[in-house]
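Here is a walk through a two-chain model, one spot at a time. Keep the viewer open and follow along.

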Amino acid sequence: MTGEIILQTKNLGKQYKHRWAVHHLDLEVYRGDVFGFLGPNGAGKSTTIRMLLSLVRPTEGEVFLFGKSLEREREKALESIGGIVEKPDFYGYLSAHRNLEIVGALNGGATRKRIEEVLSLVGLSTRARDKVKTFSHGMKQRLGIAQSLLADPEFVILDEPTSGLDPQGMKEIRELIRHLASDQNKTVMLSSHLLNEVEMVANRMAVISRGELVTQGEVASLLEKGEKSVALRARPREKVRSVLSAHRGIDKVVETGEEFLVTMPFEGIPELARALVREQVDIEALVPRRSLEEYFLSITESDGASDKAKS
Amino acid sequence: MLRLIYYELLKTFLKKRTYIGFALVAVIVPLAEVAMKLEGGRFLQFSLRTLQQDFLFVGNLFNGWFVAHSMMNALWVQIPLLITFVAGDQLAGEATAGTYRLILVRPVSRTRIFLSKFFTTAIYTIVFVGFLGVLSVGLALTLLGRGDLVVMQRGILILSESDVAWRFLVAYFLAAWAMLTIASLAFLFSSFVENAIGPIIGTMGINIVFLLITVIPVDLFKDIKPYLFSNYMNVWQQVFEDPIPWDSIGNSVAILGAYSIGFVFIAWLIFRRKDILS
């Protein structure tokens, strides 16, 4: 996908004492993207987002937002950006409405109508006058999204927006992100270590590990690069091992609990199933796996899980 | 800018800790002044007893002006602590609460945010000293009435009743100016820590050490004193001299102002490049 580049980082890096939290990072986010920014905890996602939102000064490199340098034209570059960084914190002794008024003042002022609109969008209309200190984590998270949308930005950066939420809360945030992208034409960048979350909403993504970019591109094409594996649950296990060791076209077998994780091309699945049946193996499940999570784990795990068996 | 200051004031004055200082003053001042009224001026009589052998004092010298002046003398060392509760929290409080992440990602320069916070600190300081002045003088005059003011600073000076009110007004302006230096110091400390306790302890520590150096009559400290802001903190007392040493007051005002500007300037240098990691 190509188009207008909304966000570009060039050789971006941040060094704390002798440790590089982020190093040589080149990101590109295009208009209309829902861009997933993936990495395990401590990979440098939040440091990167802090640099994108001018909370932290880069040690090296530069950030361009809408073609404007964040270093040289900070105010102009941030004009059309909204964002939350890590967990959203507010003035707990003030109401949700008052908090948004304060945020709005820093964006040139927000009308009461606009504040009510964004509170309604995140489902907090009825709690608008309540003090934020009485809010649950999920409500604060939603208020965080409301404040990021207050100035009607073109580009919204959300750092771990589903962090700490229950499954229902996570689903609501995912739906909200889809709504922002499809109905409000906003470009969204969201960071997460929950890979299936990103897979469900993002069209493009970048993966970061130990502060360095591992890969970036369209989610669909990156998925194709991943190893294809099959999760097999079958008995008796001795017979399964025997079949798998004799079967051609299998790259690797890893036993995980009750499952065998078999790395192989998907085209070979019917033949494997027939071979198992011939040997009178009872198949309980035979599930192809090609998720982003598998791919993510394969490229970010340092040592990787040791193969328990290559039959 | 006015909008930013308005919301900073709102944040400050809707916070409970802002009223700790006001509440303490509202308790201490009436308590002390009522106690002085009940004592019936024994302190004043003790101070004047040798003079009364040679001079005749006519009228009520133990009056509201005398008590208000005594209160000012008693409190000007303690008031800085109450100022730092708020001044030290202005920047560090945002770090503690994590709200830097809310306000510093906006298309407003850090300098404007910084200035709005400093102006809010200055307004709080002036309002607080003003509150102290109105309560202290107003209550003292209500309880003990008016009269000539006996000032015991360098000897004993009696100022005529008609010559006192404006001196109090100027004295409180000068006291607010001096407190602004303390507030600026707390603001400086507030810019590089992430907890308001640090600025409070740091400011009070420096204030106490400087005050000790200022008041201890040792030759070793003689050359240092002119460079310490604490040497000029009691500038308001000079308004109760006769004639008033305006040159000396102007000099003190300029030095305290220079200190304030210096503290705020350093705080700005730190704040504008500060990495927000909280």
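Val235(B) sits in the loop that runs between H11 and H12 of chain B. Helices here are DSSP runs of H or I with at least four residues, strands are E runs of at least two, and both are numbered from the N terminus. This is a predicted model, where local features need pLDDT of at least 70, side-chain atom pairs count only at pLDDT 80 or more, and totals for chains, interfaces and linings use all residues. Residues are numbered from 1 along each chain as its sequence is written, while chains are lettered from A and ligands numbered from 1 in the order in which they are written.

Is Val235(B) buried or exposed? Val235(B) counts as buried because 22 other C-beta atoms lie within 10 Å. (Buried means 20 or more other C-beta atoms within 10 Å of the residue's own, exposed means 12 or fewer, and partly exposed is in between, with C-beta atoms placed from the backbone.) Val235(B) touches Leu174(B), Ala178(B), Ile249(B), Ser252(B) and Val253(B), leaving out residues up to four places away in sequence. A contact needs C-beta atoms, placed from the backbone, within 7 Å. The C-alpha atoms of Val235(B) and Leu256(B) are 9.6 Å apart, with 21 residues separating the two along the chain.

## Two helices packed in chain B

Next, look at helix H4 (residues 64–75) and helix H8 (residues 110–144) of chain B, which pack at an angle of about 145 degrees with their axes 7 Å apart. The axes are lines fitted to C-alpha atoms, for helices over the stretch in contact, and angles run from 0 to 180 degrees between N-to-C directions. On the H4(B) side, the contact is made by Gly64(B), Val67(B), Ala68(B), Met71(B) and Met72(B). H8(B) brings Ser136(B), Val137(B), Ala140(B), Leu141(B), Leu143(B) and Leu144(B). By class, that contact has nine nonpolar, two polar and no charged residues. (Ala, Val, Leu, Ile, Met, Phe, Trp, Tyr, Cys and Pro are nonpolar; Asp, Glu, Lys and Arg are charged; the others, Gly among them, are polar.)

## Where the chains meet

How many residues of chain A are in contact with chain B? There are 23, and they contact 21 residues of chain B. Helix H2 (74–78) and helix H3 (96–105) of chain A each supply at least two residues to the side of chain A that touches chain B. H3(A) gives the most, with three residues. That side of chain A divides into 13 nonpolar, five polar and five charged residues.

## One side of a helix in chain A

In helix H4 (residues 112–121) of chain A, Ile115(A), Val118(A) and Leu119(A) are buried. They cover an arc of only 100 degrees around the axis, so they fall on the same side of H4(A). That arc is taken from the directions from the helix axis to the C-beta atoms. The buried residues of H4(A) pack against H3 and helix H5 (137–149) of chain A.

Most residues other than glycine have a negative phi, and most peptide bonds are trans. Phe66(A) is not a glycine, yet has a positive phi of about 55 degrees. Phe66(A) is in the loop between strand E5 (60–65) and strand E6 (68–69) of chain A. Arg210(A), also not a glycine, has a positive phi of about 50 degrees.

Cis peptide bonds turn up too. One joins Arg235(A) and Pro236(A), with omega about -5 degrees. Another joins Asp242(B) and Pro243(B), with omega about 0 degrees.

Note on methods: Two residues are in contact if their C-beta atoms, placed from the backbone, lie within 7 Å.
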